[in-house]
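Keep the sequence and the 3D view open while you read.

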Amino acid sequence: MHWLSILILGIASNLDNLGIGISFGIRSTKIPFFSNLIIAFISMVGTYLSMVLGSLLSQYVPHDVANFLGGFLIISIGIWTIASSLTKKNKEVLKNLDTPSVSEVLKDPSKADLDGNHYISMKESLWLGLALALNSIGTGIGAGASELSTFWTTAAVGVFSLLTIGIGVGAGLRISKSWICRYSDFLAGILLIGIGLYEIFI
């Protein structure tokens, strides 16, 4: 079993969560444990379903080809993540929190505080969890095609989701000034490329 790939995939899939948590911490927006748990659960469900889909697709092609395609997909997502981070325009961190539409929440998970009360309720955590889960579907399909353990990969994604959001909110502005936050997308891309190469050649 490729434990290293599972561990790194769990981390890479949740680096965005760290940035989201930090953005909430800067705004003094709280994400209580049960809301965080809902987000992690939705991320796990999304990862599981996408991995099952990737695993099913791999049954129709030879093992080596499926492994290559899965690794290639993960590498492609990594490259896309890096490209997005390099082209992303700088956004003002502190801004007025107007009540966004559902589509805006899906495009920008940091807007999940729908009522602007600096508290992510369980209902609001559903939208935030959905948005974050949608961002990792491609990675899950690639992991499934590469025949990583569905159970352990899903568990890793859930655990690191809880940790990264909790750490991000708690650390807030202090960590937001560090290179970890500024380059989180770039680091996630590098990790995904590394996983893809590992799955193809090892």
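Start with the place where helix 4 touches helix 7: Ala-66, Asn-67, Gly-70, Leu-73, Ile-74 and Ile-77 in helix 4 meet Gly-138, Thr-139, Ile-141, Gly-142, Ala-143 and Ala-145 in helix 7. Contact here means heavy atoms within 4.5 Å. By class, that meeting place holds seven nonpolar, five polar and no charged residues. Nonpolar covers Ala, Val, Leu, Ile, Met, Phe, Trp, Tyr, Cys and Pro; charged covers Asp, Glu, Lys and Arg; the others, Gly among them, are polar.

A quick word on where this comes from: it is a predicted model, local features need pLDDT of at least 70, side-chain atom pairs count only at pLDDT 80 or more, and totals for chains, interfaces and linings use all residues. Residues are numbered from 1 along each chain as its sequence is written, and side-chain values use heavy atoms, with hydrogens and water left out.

Two packed helices are described by the angle between their axes and the distance between the axes. The axes are lines fitted to C-alpha atoms, for helices over the stretch in contact, and the angles run from 0 to 180 degrees between N-to-C directions. The helices themselves are DSSP runs (H or I, at least four residues), numbered from the N terminus, while strands are E runs of at least two.

| Pair | Angle | Axis distance |
|---|---|---|
| Helix 4 (residues 63-87) and helix 7 (residues 137-145) | about 155° | 7 Å apart |
| Helix 3 (residues 33-58) and helix 7 | about 40° | 6 Å apart |
| Helix 3 and helix 8 (residues 150-171) | roughly 150° | within 8 Å |

So helix 4 is roughly antiparallel to helix 7, whereas helix 3 is oblique to helix 7. Helix 3 and helix 8 are roughly antiparallel to each other. The cut-offs go like this: under 35 degrees is roughly parallel, over 145 roughly antiparallel, 65 to 115 roughly perpendicular, and the rest oblique.

Which way do the helices cross? Helix 4 passes helix 7 in a left-handed crossing, but helix 3 and helix 7 make a right-handed one. Left-handed means the near helix is turned anticlockwise from the far one by less than a right angle, and right-handed means clockwise.

On the helix 3 side of its contact with helix 7 you'll find Ser-50, Met-51, Leu-53, Gly-54, Ser-55 and Ser-58, facing Ile-137, Gly-140, Ile-141, Ala-143, Gly-144 and Ala-145 of helix 7. That contact splits into six nonpolar, six polar and no charged residues.

Helix 3 also passes helix 8 in a right-handed crossing. The contact of helix 3 with helix 8 has eleven nonpolar, nine polar and no charged residues.

How many of the nine residues of helix 7 are buried? Seven are, so helix 7 is mostly covered; they are Thr-139, Gly-140, Ile-141, Gly-142, Ala-143, Gly-144 and Ala-145. Buried means under 20% relative accessible area, exposed over 50%, and partly exposed in between (1.4 Å probe, protein chains only).

Glu-147 sits in the loop between helix 7 and helix 8. Glu-147 has a positive phi of about 65° although it is not a glycine, and at 47% relative accessibility it counts as partly exposed.

Now zoom out. The protein has eleven helices and zero strands, and 44% of its 202 residues count as buried.
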